[in-house]
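Here is a short tour of one protein model, written to be read alongside the structure. Keep the viewer open as you go.

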Amino acid sequence: MARISLDHIRHAYGPNPKSPADYSLKEVHHDWDDGGAYALLGPSGCGKTTLLNIISGLVSPSEGRILFDGRDVTNLPTQDRNIAQVFQFPVIYDTMTVYDNLAFPLRNRRVPEAEVDRRVKDILEMIDLSSWAKKTARGLTADQKQKISLGRGLVRNDVSAILFDEPLTVIDPHMKWVLRSQLKRLHKQFGFTMVYVTHDQTEALTFADKVVVMYDGEIVQIGTPAELFEKPKHTFVGYFIGSPGMNVIPARIDGTTADLGGGQVALGFRPEIASGAKVELGIRPEFVRLGREGMPVTISKVEDIGRHKIVRALFADRPMAIVLGENGEIPSEPRITFDPAAVNIYADSWRVSDPSTAANGRA
Ligand SMILES: Nc1ncnc2c1ncn2[C@@H]1O[C@H](COP(=O)(O)OP(=O)(O)OP(=O)(O)O)[C@@H](O)[C@H]1O
């Protein structure tokens, strides 16, 4: 397995890119750890597949280099990069048996037959297809076929990385959960470097150690699920992760206070903001407290979703979502306060860090 270094990579599909808007992938400069499980998460068209294809060698970046364990592979074709790939739709040989499909990548590399047998049997067990080993793949369901594709990605232990491009699209919802958990377990057991593309936040958050959130051709944050939840570095991360997403409210900063129009919030630090920047306060619905004190809100709707309620309200003429616990009450004159530790300030959509807490900088 390998550490993947993305060294000042940019990509434009058209010729002669000039402005940032001409790049489908804006500058990416990161090292991804050997043995890490990374999910590339973002909406359609944000550049996930472009970045994955640059790693696999299907796309050659317009600028920058890609290195596996320090070795420059930018100009190597896919077959020379020693990676396994699992695509959205199963790529298997219908006329071969399930066993032979899994053995194929190993036999291709002249792995001794006893070793092939040992590894194929391990994988068959992991993907729960041992009883199908001798049957041809033709009669399998789409789920089972995709399990074989996953198994073929996992059977080799000499690959630099395993790349997954929305591999669970064709899988039914229950099976998705099972396969995700299996992948997670295999990752723990074998420590593969994995890169997994998805636009589904549940899939990304359950699969990955590190989620790479992309927006408009740019990586806006790389973080653990907890970091993305607690300290979204960009307002987009706040909206996109979480259900409902973070409330983002226009603000005016005066010293250590944010004025939101409908009330003021003490920040506990003095944000440094360039003049003319668009300033916003972000607060997740889970950290808005509904009670008799604080800033007035008007409740428009209450959605009971079992263990808690989602209250939809209007605050300073803007929609606000509030998560209310099972036993929470809605007073006749509702007001809100914010959990001070969960308040984030944004300037031109990027989080402004508290200078006294060093680890809060931009991605
Ligand atoms: N071969 C291509 N030629 C020109 N433009 C392309 C090409 N492939 C992708 N693009 C453009 O690059 C941008 C990023 O596309 P990409 O497929 O990487 O996004 P994505 O996040 O993977 O989207 P999806 O989830 O829909 O697959 C989009 O604007 C897309 O239209």
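This is a predicted model: local features need pLDDT of at least 70, side-chain atom pairs count only at pLDDT 80 or more; totals for chains, interfaces and linings use all residues.

Val 86 has Phe 164 as its bridge partner in strand 7. Strand 6 covers residues 83–86, and strand 7 covers residues 161–165. The two strands run parallel and are joined by four bridges.

Which way do the residues of strand 6 point? Ile 83 and Gln 85 point one way, while Ala 84 and Val 86 point the other, and all are buried. In a regular strand, side chains alternate between the two faces of the sheet.

Next, the nonpolar cores. The largest has 74 residues, and Tyr 38, Ala 39, Leu 40, Ala 161 and Val 213 touch the most other members. Apart from it lies another core of 24 residues, including Leu 260, Ala 313, Phe 315 and Ile 336. In soluble globular proteins, nonpolar side chains tend to be buried together.

Leaving aside neighbours within four places in sequence, Val 213 is in contact with Leu 41, Gly 42, Val 220, Gln 221, Leu 228, Val 237 and Phe 240.

Finally, the overall layout: the protein is divided into domain 1 (4–230) and domain 2 (245–355). Taken over C-alpha atoms, the centres of domain 1 and domain 2 are separated by 38 Å.

Definitions and conventions
Residues are numbered from 1 along each chain as its sequence is written. A residue is buried if 20 or more other C-beta atoms lie within 10 Å of its own, exposed if 12 or fewer, and partly exposed in between; C-beta atoms are placed from the backbone. Two strands pair if DSSP finds at least two bridges between them. Domain bounds come from an automatic or database domain assignment. A nonpolar core is a set of buried Ala, Val, Leu, Ile, Met, Phe, Trp, Tyr and Cys residues joined through C-beta atoms within 7 Å. Two residues are in contact if their C-beta atoms, placed from the backbone, lie within 7 Å.
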